Amino acid sequence: MAAHILIVEDEEKIARFVELELLHEGYEVDKCGDGREALEIATANTYDLILLDIMLPGLNGLEVLRRLGHDHPTPVILLTARDAVMDKVSGLDAGAVDYITKPFAIEELLARVRVALKLHPVGPAAAEGDSTRAAAPADDKANGIHRWNKLLLDEKKHRVTFDCKEITLTNREFEMLRVFLTNQDIVLSRDTLLEKVCGYDYVGETNVVDVYVRFLRSKIDEAFDVKMIETVRGVGYVIKSEH
Ligand code: CA
């Protein structure tokens with residue numbers, strides 16, 4: 001059964017664009033451009049995912065999120081303005097599972113949608129998942145351990161190994177690798193990486209991202225003969241999980 005997604009966005013052009021892309025991916029889609037109405041629809045129906053804009057008429061997105069409450073089963077991805085740091089923080093505190101900054105690359109939005117649906121299944125579809133298989137990675141995640149191929153990053157010990165061989169990384173390299181590993185299969189734009197690795201207030205060139213990617217590739221890809229960080233032309237970089 002196709003996942004049912006609610007788009008809450010008052011900018012008709014964006015809403016329509018996202019709707020078409022999601023329909024094209026095979027999802028069922030509803031749209032709504034008003035916060036108060038969105039709250040009613042979201043409460044009356046069981047959606048698999050809600051894409052929620054923050055600046056809305058009626059009731060703003062954060063308020064919609066708060067009123068839905070932490071117990072509401074549907075995962076919410078917030079659509080936020082570029083510099084709205086407090087919105088992102090408040091949104092995550094209020095229970096959003098992720099956020100995406102406008103303007104966004106549609107590939108990134110679709111990837112985040114897939115991840116949110118996979119990580120936060122709602123209703124009967126959730127029971128179909130293999131819960132035993134999900135258990136181990138969840139434990140790992142709680143312990144701050146991230147894996148890819150034979151690579152292991154331990155957040156608590158601030159340690160990275162490949163096939164048990166220690167890799168020495170600078171803080172920024174470590175942070176970038178952590179961001180990649182925790183967002184596997186999501187294409188990360190240079191802006192997103194810059195923001196996550198260097199912080200919101202970083203002022204400088206986005207090509208600093210390319211520099212760190214080059215360092216990581218020389219220390220991991222070249223050293224261990226793997227192809228970990230892939231370039232997505234015109235968009236950014238991705239680490240694809242190995243199934
Ligand atoms: Ca808006």
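User: Against which elements do the buried residues of α3 pack?

Analyst: The buried residues of α3 pack against α2 (35-44), β3 (49-53), β4 (76-81) and α4 (85-93). Here buried means under 20% relative accessible area, with exposed over 50% and partly exposed in between (1.4 Å probe, protein chains only), and contact means heavy atoms within 4.5 Å. Helices (H or I, at least four residues) and strands (E, at least two) are DSSP runs, numbered from the N terminus. The model is predicted: local features need pLDDT of at least 70, side-chain atom pairs count only at pLDDT 80 or more, and totals for chains, interfaces and linings use all residues. Residues are numbered from 1 along each chain as its sequence is written, and side-chain values use heavy atoms, without hydrogens and water.

User: Which residues of helix α3 are buried?

Analyst: An α-helix has 3.6 residues a turn, so residues three or four places apart point the same way. In α3 (residues 61-68), Gly-61, Leu-62, Val-64, Leu-65 and Leu-68 are buried. They lie on the same side of α3, because their arc (directions from the helix axis to the C-beta atoms) covers only 160°.

User: In what order do the three strands of the open sheet stand?

Analyst: Strands pair if DSSP finds at least two bridges between them. The order is β10-β12-β11, with antiparallel pairing. β10 (188-189) and β11 (229-232) are the edges; each has a single partner strand, so one side of each lacks a neighbour in the sheet. Four bridges join β11 to β12 (residues 236-239), and Glu-230 stands opposite Val-238 in β12.
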